[in-house]
Structure formats: C-alpha cells, structure tokens
Amino acid sequence: MSADAARPHVLILGGTTEARRLAEALAAGPYRVTTSLAGRVASPVLPPGETRIGGFGGAEGLAAWITGHRVTHLIDATHPFAERMSFNAAGAAALTGVPLLALRRPGWVPEPGDDWTFADSLAEAAAVLPGLGGRVFLSTGRMGLHTFAHLTDTWFLVRSVDRPDAPVPPRLEVVLARGPFTPADERELLARHRIDVLVTKDSGGSATAPKLTAAREAGIPVLVVRRPPVPEGVQEADCVQCSQHWLQGSRLH
Ligand code: NAP
C-alpha cells in the first residue's frame, strides 16, 4: 500500500479563507489533504496540499470522485452562499457514507449605530433597493449582478477580482481589486463614489467586515442578504480548530 493510500484523505471544498486556513492547519499531517476550487477566479491563491479545479458534475460526480480517490472525510468549506455545492456535498456524503462537516464562519450581527435592512435573497434585495438609495456599493460579488440588471435608474459600484460578465446593470462602475480592505480603504471608497447605500451578503468573517464599519461611521444604510440554510442533517462547525477536532473525533470512519 502506498503512503498516500494509508493516510486518511480529507477533501476540502474550498474557495474561502477558512478553507485555505484549514488546509494550512492540516498540512503538518497526518492527513492527505486535497482542496477543490470551482475555478471562478482566474489566478486563485492556492493552499498547501493537493488542489483540483473545476466542477465534479453534481452530487453523483462528487460521489464518484470521493470513491475514486479514497476520500475518508469531506469538509464543505465553501462560501456560505455557495448553496448548490453545499447541497451536492450533502448528496455525495449520503451516497458514499463519507462523514461530512460544513465549516461556516459566523454571520455578522448589527452593532449600535448600524442601519440594516434584511432580504432573503438577491432578488428580494433588488426589489427593496430603490427605496433605500440611488448610489449603491453592490458588494455581493460579481456572480449575481444580473439580478440587478433591470434597475436602470440606479448607479452601481462593484468591486471584484475579475471583471463581471453581462448582463449587468447599465449604470455600473467596476473597481478591480482583491481584498482584504482596511476601514480607511472602505471609508475612502464610499466617500469618493458618494455611496448612499451598501448591499452585502451576510458573508461573515473579518476580511470584508471593514465596509460595514465604514457604512456605520458614514451613517449609510446597509441591505444585508441573509444566508441560505445548511442542508438538513449536516453537522456544522464555525472555526478551523473545531473542524480539526471533528476530524480527530471521526478518524476511524
Ligand atoms: P455554487 O453555486 O454553490 O456551485 C455551482 C457549481 O460550481 C457547483 O454545482 C459545482 O459544480 C461548482 N463548484 C462550486 N464550488 C466548488 C468547489 N469548491 N469545487 C469544485 N466545484 C465547485 O457556487 P458559487 O456560489 O458559484 O461559488 C463558487 C465558488 O466560489 C465556491 O468554491 C465558493 O466557496 C466560492 N465563493 C462563493 C461566493 C458566493 O458569494 N457565492 C463568495 C466567495 C467565494 P458541479 O456541480 O459540476 O460539481
């Protein structure tokens, strides 16, 4: 038996800071670690360990990959809004019997001085947005911009690593940048573009939280899109260390 076949094989579904941190934490052993990325970002920052890029072909494709590569543990560390992949992970775990953990950073909670409105989806956010402001920092990522494309009277600022694909709102300025951003960066961005409302997903974590601080300081309302739920029955952890404990506790599976 090769050394790789003897070690437990952890498949991390990645694309987040937590996924990278988990791969770093596990690099010292005793696991074989593979991180899977969707391939959305042109030049991603790769974690230590093995990596693979691109979709699996649904839950069945993921299940086949798990079986073919002797995966012993599956950790869904995708972004809290990567709903389809999380659903596929639950399906593949059910098909293969491999234990699954969803690693999700905690969501944000409003602080005194915040003026937050909540929406259950990007579509609901687009419906209520015109009542909140006309110069929008749309920080929901470049993938769902089509949901706002019909808002022809609203001016949008979008910041992303790669340029967004059409369809996008007609009055749109794109800033190409990769975070993290400091509160000073965010203050300057909101002021320079005379932003009067911020739209964000409840991504949680510290990397993108400074925009919330800047909005609070500037008295700008924030439209927060709530997270989709983790698939039913899937165990959740909210920190990298908790995921390591989970792995230690399920080593014999
Ligand atoms: P999604 O809608 O849940 O997934 C769509 C499809 O993309 C999946 O069915 C799967 O294709 C493929 N996919 C997604 N994540 C993958 C991964 N880690 N490895 C291999 N294939 C993956 O996902 P999404 O919202 O487009 O997000 C794509 C990636 O960007 C995720 O890795 C996520 O962590 C990251 N991300 C997402 C957001 C967000 O707001 N949604 C923000 C930051 C980062 P198959 O069915 O063919 O396997």
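Guide: Helices here are DSSP runs of H or I with at least four residues, numbered from the N terminus. The model is a predicted one. The part to look at is helix 4, residues 83-96. Its 14 residues reach 20 Å from first C-alpha to last, close to the 20 Å expected at 1.5 Å a residue. Just after helix 4 comes Gly-97, with a positive phi of about 80°.

Now the burial. Ser-86, Asn-88, Ala-89, Ala-92 and Ala-93 are buried in helix 4. These residues sit on the same side of helix 4, because they cover an arc of only 160° around the axis. In general, an α-helix has 3.6 residues a turn, so residues three or four places apart point the same way. The face turned away from the buried side carries Arg-84, Phe-87, Ala-94 and Leu-95, which are exposed.

What covers the buried residues? The cover includes strand 1 (9-13), helix 3 (58-68), strand 4 (73-76) and strand 5 (100-103).

Of these, take helix 3. Its axis lies 8 Å from that of helix 4, and the two pack at an angle of about 55°. Helix 3 is therefore oblique to helix 4. Their crossing is right-handed. On the helix 3 side, the contact residues include Gly-58, Ala-59, Leu-62 and Ile-66. On the helix 4 side, they include Met-85, Gly-91 and Thr-96. Asn-88, Ala-89 and Ala-92 of helix 4 also meet helix 3, and these three are among the buried residues. Leu-95 meets helix 3 too, yet Leu-95 is exposed.

Definitions and conventions:
Residues are numbered from 1 along each chain as its sequence is written. This is a predicted model: local features need pLDDT of at least 70, side-chain atom pairs count only at pLDDT 80 or more; totals for chains, interfaces and linings use all residues. Side-chain values use heavy atoms; hydrogens and water are left out. The expected span of a helix is 1.5 Å times one less than its number of residues. Buried means under 20% relative accessible area, exposed over 50%, partly exposed in between (1.4 Å probe, protein chains only). The arc is that of the directions from the helix axis to the C-beta atoms. Contact means heavy atoms within 4.5 Å. Axes are lines fitted to C-alpha atoms, for helices over the stretch in contact, and angles run from 0 to 180 degrees between N-to-C directions. Angles under 35 degrees count as roughly parallel, over 145 as roughly antiparallel, 65 to 115 as roughly perpendicular and the rest as oblique. A crossing is left-handed if the near helix is turned anticlockwise from the far one by less than a right angle, and right-handed if clockwise.
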